[in-house]
Amino acid sequence: MSPNSAKPKERLKNTAATHRARKRCSWPESELALAYHDREWGVPLKDDRKLFEFLVLDAMQAGLSWEIILRKREGFRAAFDDFDPVKIAAYGPEKIKALLADPGIVRNRLKIESSVSNARAFLAVQKEFGSFANYIWQFVGGKPLVNRRRHHKQIPPRSKESDAMSKALKKRGFRFVGSTICYAFMQAAGMVNDHLTACFRHPELVKSMSRWRIRHSELE
Ligand SMILES: [Zn+2]
């Protein structure tokens with residue numbers, strides 16, 4: 001979710017040679033990252049459970065590489081009840097203690113506790129707006145913002161939209177939602193298309209999403 005942290009120099013060679021024939025963004029390094037880039041990153045999401053998953057994973061990433069998070073994703077799924085915000089919102093001290101002892105996830109007390117309070121804030125948003133998707137897509141006007149970046153260096157760590165999203169989420173009690181984390185979330189959830197123009201996914205997403213939008217009435 002945060003390709004901005006990718007270091008081209010550290011790119012592994014000779015992995016996924018067969019996939020590499022296609023032109024794509026420069027940040028995916030492992031098989032796992034390639035699959036994630038090709039199938040998930042930048043695909044517009046309306047599904048609240050999936051949006052919550054990205055909210056949790058992007059917060060967990062803070063200070064770490066996305067590769068680490070991808071490797072632990074199944075561990076998170078198992079430990080966090082498949083990212084069910086209703087279940088997570090009800091986690092008490094015993095469950096948090098168990099999570100802190102789970103090597104399959106990122107064992108950081110602040111991050112784990114924030115996922116619980118974020119689940120509660122998430123449920124409050126769902127209640128108020130009908131769905132979290134309705135709420136979150138407002139920050140880009142209900143449809144994906146298509147960027148046309150040619151170089152990885154042109155991708156910013158944040159935007160005015162992510163600044164607004166961060167401010168609004170913080171006001172609602174969310175934690176680990178700084179603008180950089182929000183921007184990574186926007187990229188992952190397809191609120192922005194930040195695939196490079198030379199990447200095969202850029203035109204694919206533009207084409208398949210030409211009629212995609214959260215209906216205006218859903219945003220009211
Ligand atoms: Zn790409």
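Me: What makes up the secondary structure of the protein, and in which order do the elements run?

Reply: The protein has 10 helices and 2 strands. From the N terminus the order is α-α-α-α-α-α-α-β-α-α-β-α.

Me: Why is S208 called exposed?

Reply: S208 has 11 other C-beta atoms within 10 Å. The cut-off for exposed is 12 or fewer, so S208 is exposed. S208 lies in helix α10, residues 201–208. Its C-alpha atom is 9.5 Å from that of V43, although 165 residues separate S208 and V43 along the chain.

Me: Which residues of α10 are buried, and how do you know that they line one face of the helix?

Reply: The buried residues of α10 are R201, H202 and L205. Viewed down the helix axis, they fall within an arc of 105°, so they line one face of α10. An α-helix has 3.6 residues a turn, so residues three or four places apart point the same way. The cover over the buried residues of α10 includes α1 (31–39) and β2 (192–193).

Me: Why is D81 called partly exposed, whereas D82 is called exposed?

Reply: D81 has 15 C-beta neighbours inside 10 Å. Exposed needs 12 or fewer and buried needs 20 or more, so D81 falls in between and counts as partly exposed. D82 has 12 other C-beta atoms within 10 Å, and 12 still meets the cut-off for exposed.

Me: How do you know that the span of α3 agrees with its number of residues?

Reply: At 1.5 Å a residue, the 14 residues of α3 should span 20 Å, and the end C-alpha atoms are 19 Å apart, so the two agree. There is also a bend of about 50° in α3, at K72. The buried residues of α3 are W66, I69 and F76, and what covers them includes α2.

Me: What makes up the largest nonpolar core, and which elements give two or more residues to it?

Reply: The largest nonpolar core has 46 residues, and V56, F132 and F185 have the most contacts inside it. The elements that give two or more residues to this core are α2 (48–61), α3 (66–79), α6 (109–129), α7 (132–136), α8 (160–171) and α9 (179–188). Leaving out residues up to four places away in sequence, V56 touches F80, F83 and S115. In soluble globular proteins, nonpolar side chains tend to be buried together. Of the 220 residues of the protein, 37% count as buried.

Me: Where does pLDDT stay under 50, and how many contacts beyond four places in sequence does the model have there?

Reply: pLDDT stays under 50 over residues 6–10, and the model has 4 contacts beyond four places in sequence for them. Where pLDDT is low, the predicted coordinates should not be read in detail. The protein averages a pLDDT of 90, and 88% of the residues score at least 70.

Terms used: Residues numbered from 1 in each chain as written. Predicted model: local features only at pLDDT ≥ 70, side-chain atom pairs only at ≥ 80, totals over all residues. Core = buried A, V, L, I, M, F, W, Y, C linked by C-beta atoms within 7 Å. Helix = DSSP H or I, 4+ residues; strand = E, 2+ residues; numbered from the N terminus. Contact = placed C-beta atoms within 7 Å. Expected span 1.5 Å × (residues − 1). Bend = angle between axes of the 7 residues up to and from the residue. pLDDT = per-residue confidence, 0-100. Arc of directions from axis to C-beta.
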